[in-house]
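Colleague: I have the model open on my screen. Take me through it, starting wherever you like.

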Amino acid sequence: MLEERRKALSSLIFLKEKDTGEVKGRTCVNGAPQQEYIRKEDTTSPTVATDSVFLTGAVDVYQKRGVSFIDLPGAFLHTLTNEKMIMVLRGELCELMCMIDPKLYMKYVCKDRRGKPVLYVELYKSLYGLVRSALLFYKKLKKELENYGMVMNPYDMCVANKETKSGHQLTVLWHVDDLKISCRDKYEVTKLICCLRRIYGEKMTVHQGGKGKYLGMHLDFTEEGIFQVDMLKYVEDVISEFPEPIEKTSPTPHSDSLFSVDEEDALKLLCEDKAMQFHRTTAQLLFLCTRARKDIQTAVSFLTTQVKHPSEQDWIKLRRVFQYLHGTMSIKLQIQVNDLRVMHWYVDAAHMVHWDCKGQTGAAMMMGRGAVLGYSWKQNSTPRDPPRQN
């Protein structure tokens, strides 16, 4: 019993402000100690690929499907844990638990060295924070969808399809507890929503009408023939968090000297605090450019190569990206599909543009107007000549 108490996991509370202004609180377990004896491959849960969201979105807009977005409440609380876990509640959390059922919990309360009340409890459900919770819930939801008749996509294990009796395809994407459901027959979408509501309760959040937030993006299918993606609030927040005021605008996210790097003698590295800010801000832009703002991919791709030892020159390039975003804050990615069977790929490469003589490759796939898929990355090898680069 003493050994179990030593290994007991502590509890944490996180507060988060939503886009609506509401403050959401979540109590979870500090599962960090579990990483010492549980292998990472035994805890990793599949999540839907961003490319799958865009590809299925192109199908949705072309076939004029009904689209709904679902948030499953308390997802992990619907999942049983597969191991014995002890959690310790201290102070106010212990008192709150006793207020729920004094007769059940008061007799188990003890005090620590500081005199604070302490309560040890055994977990029956997979709470947020346990390293296996996401994987256990994934297996549970996958089984429920398969029981409904869905077939997993072999290329993305978080995409499932089903041929309905009406001859239409029902598609489900999920990222942990966030689901996107689409089908040309809207009745089939409603049937699946009702099935999930019987499992997860009436508090399940459903956004119908072809408009909702998914994976940090606002997806809009309300305009006929057009699939719109934006992250306007995210762009606004990132700009406001930048340590320097952004007042000027730039017509492009980078200049012709993007890949130019000063010699080591003239290189002025950023101080530690500013370097950490550079790393954090570049990561925020990386999240943005792979989703709604593919127009800054080339600039962000270069900045990601500089995060280990950023210089004042790199900071200027980072600031230019923000100046461009400041002037184009209201831009939305619009995708229009003419024919699902015709995909146009545009691929090009720049030869030996990086300081280490490596090249840069860019690619975009379109089915009409707007890039469904877009990439820009630094090449790993150094070809001898431009033809091999291409």
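**Notes on the model**

Modeller: Apart from neighbours within four places in sequence, Val159 is in contact (heavy atoms within 4.5 Å) with Val48, Ser52, Val151, Met152, Asn153, Thr171, Val172, Leu173 and Trp174.

Colleague: What should I know about the numbers before going on?

Modeller: The model is predicted, so local features need pLDDT of at least 70 and side-chain atom pairs count only at pLDDT 80 or more, while totals for chains, interfaces and linings use all residues. Residues are numbered from 1 along each chain as its sequence is written, and side-chain values use heavy atoms, with hydrogens and water left out.

Colleague: Fine. Which strand holds Val159?

Modeller: Val159 sits in strand S8, residues 156-163. Strands (E, at least two residues) and helices (H or I, at least four) are DSSP runs, numbered from the N terminus.

Colleague: Is Val159 buried or exposed?

Modeller: With a relative accessibility of 5%, Val159 counts as buried. The classes are buried under 20% relative accessible area, exposed over 50% and partly exposed in between, with a 1.4 Å probe and protein chains only.

Colleague: I was also looking at Val61. How far is its C-alpha from that of Val159?

Modeller: The two C-alpha atoms are separated by 17 Å, and Val61 and Val159 are 98 residues apart along the chain.

Colleague: Zoom out for a moment. What does the whole chain look like?

Modeller: The protein chain has eleven helices and 19 strands. Along the principal axes, its C-alpha atoms fill a box of roughly 75 × 65 × 40 Å. There are 390 residues, and 43% of them count as buried.

Colleague: What share of the contacts comes from residues 24 or more positions apart?

Modeller: Taking contacts with a separation of 6 or more, residues 24 or more positions apart account for 66% in the protein chain.

Colleague: Which strands does S3 pair with?

Modeller: One partner is strand S10, residues 178-183, joined to S3 by six bridges in the antiparallel sense. Strand S11, residues 205-207, also runs antiparallel to S3, over three bridges. Pairing here needs at least two DSSP bridges between two strands.

Colleague: Give me residues for that.

Modeller: On the S10 side, Phe69 stands opposite Lys180. On the S11 side, Asp71 has Thr205 as its bridge partner.

Colleague: And the five-stranded sheet, what is its order?

Modeller: The order is S12-S13-S14-S15-S18, in an open sheet with antiparallel pairing. S12 (211-214) and S18 (368-369) stand at the edges with a single partner strand each, so one side of each has no neighbour in the sheet.

Colleague: How many bridges link S12 to S13?

Modeller: Four bridges, in the antiparallel sense, with S13 covering residues 217-220. Gly212 is placed opposite Leu219 in S13.

Colleague: Now helices. At what angle do H9 and H10 pack?

Modeller: H9 (residues 297-304) and H10 (residues 312-327) pack at about 150°, with axes 11 Å apart. That makes H9 roughly antiparallel to H10. Angles run from 0 to 180 degrees between N-to-C directions, on axes fitted to C-alpha atoms, for helices over the stretch in contact. Under 35 degrees is roughly parallel, over 145 roughly antiparallel, 65 to 115 roughly perpendicular and the rest oblique.

Colleague: Which residues of H9 and H10 meet?

Modeller: From H9, Ala299, Phe302 and Leu303 meet Asp314, Lys317, Leu318 and Val321 of H10. By class, that contact has five nonpolar, no polar and two charged residues (Ala, Val, Leu, Ile, Met, Phe, Trp, Tyr, Cys and Pro are nonpolar, Asp, Glu, Lys and Arg charged, the others, Gly among them, polar).

Colleague: How do the axes of H7 and H10 cross?

Modeller: The axes of H7 (residues 232-241) and H10 come within 11 Å and cross at roughly 135°. H7 and H10 are therefore oblique to each other. Val235, Val238 and Ile239 in H7 meet Phe322, Leu325 and His326 in H10. The residues of this contact divide into five nonpolar, one polar and no charged.
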